[in-house]
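Trainee: I would like to learn how to read a structure like this one, step by step. Could we go through it together?

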Amino acid sequence: MHCQERTFDIQPLAQADMTVHINGQAVIAAIGETVLSVIQSLGVRQIARNDHDQITGAYCGMGVCQCCLVKINGRHKRRACQTVVRDGMQIETQVNRITAQEVVV
Ligand code: FES
């Protein structure tokens, strides 16, 4: 399986413990990493889509601002900065079920 390259890590990943999928792309991850750190290791800064259909990036990194909400294993609005990765996790960025349901007239 081809994994997406982690080019924005501050230090290279010492050991790949698992594989997660971000927007359908396989990415290696380490035990204890947050979903946000894996997303940012790919250089992705625009993470969430809010209820006003605006794209946001992670701001606080500690679970307060709600600017990093992603879809994880089919569940919407999970905080990427507060969620520890699990093997096989399916993560989608820039999705919002409210804006997806709105009909443009
Ligand atoms: S970055 Fe603020 S809640 Fe996740």
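This is a predicted model: local features need pLDDT of at least 70, side-chain atom pairs count only at pLDDT 80 or more; totals for chains, interfaces and linings use all residues.

Trainee: How many helices and strands does the protein chain have, and in what order do the elements run?

Mentor: The protein chain holds 2 helices and 7 strands, and reading from the N terminus the order is β-β-α-β-β-β-β-β-α. With a radius of gyration of 14 Å, close to the 13 Å that the globule rule gives for 105 residues, the chain is as compact as a globular protein of that length. Along the principal axes, its C-alpha atoms fill a box of roughly 50 × 30 × 20 Å.

Trainee: What is the mean pLDDT of the protein chain, and where is confidence lowest and highest?

Mentor: The mean pLDDT is 94, and 97% of the residues reach 70 or more. Confidence is lowest in helix 2, where the mean is 85, and highest in strand 7, where it is 98.

Trainee: In which sense do strand 1 and strand 2 pair, parallel or antiparallel?

Mentor: They pair in the antiparallel sense, over 5 bridges, and you can find one of the contacts by looking at Met 18, whose bridge partner in strand 2 is Ala 29. Strand 1 and strand 2 also form a hairpin with 2 residues between them, and Asn 23 in the turn has a positive phi of about 50°. On the other hand, strand 1 and strand 7 run parallel and are joined by 2 bridges, with Gln 90 in strand 7 as the bridge partner of His 21.

Trainee: Which residues touch the most other members of the largest nonpolar core?

Mentor: As a general idea, nonpolar side chains tend to be buried together in soluble globular proteins. In this model the largest nonpolar core has 19 residues, and those touching the most other members are Val 35, Val 38, Cys 68, Val 70 and Ala 80. At least two residues each come from strand 1 (18-22), strand 2 (25-29), helix 1 (35-41) and strand 5 (69-72), and helix 1 gives the largest share, 4 residues.

Trainee: What share of the residues is buried, and what share of the contacts joins residues 24 or more positions apart?

Mentor: Buried residues make up 26% of the 105 residues. Of the contacts with a separation of 6 or more, 45% are between residues 24 or more positions apart.

Trainee: What is the phi of Gln 66 near, and what is the phi of Gln 94 near?

Mentor: Most residues other than glycine have a negative phi. Gln 66 has a positive phi, near 65°, and Gln 94 also has a positive value, near 55°. Gln 94 is placed in the loop between strand 7 (90-92) and helix 2 (97-101). Gln 66 counts as partly exposed because 14 C-beta neighbours lie inside 10 Å, and Gln 94 is partly exposed with 14 other C-beta atoms within 10 Å. The C-alpha atoms of Gln 66 and Ala 80, which are 14 residues apart along the chain, are separated by 9.2 Å.

Trainee: Is Arg 97 buried or exposed?

Mentor: Arg 97, which lies in helix 2, counts as exposed because it has 11 C-beta neighbours inside 10 Å. Although Arg 97 and Lys 77 are 20 residues apart in sequence, they are 9.0 Å apart in space from C-alpha to C-alpha.

Conventions:
Residues are numbered from 1 along each chain as its sequence is written. A nonpolar core is a set of buried Ala, Val, Leu, Ile, Met, Phe, Trp, Tyr and Cys residues joined through C-beta atoms within 7 Å. A residue is buried if 20 or more other C-beta atoms lie within 10 Å of its own, exposed if 12 or fewer, and partly exposed in between; C-beta atoms are placed from the backbone. Two strands pair if DSSP finds at least two bridges between them. The radius of gyration is taken over C-alpha atoms; the globule rule is 2.2 Å times the number of residues to the power 0.38. Two residues are in contact if their C-beta atoms, placed from the backbone, lie within 7 Å. pLDDT is the predictor's confidence in each residue, from 0 to 100.
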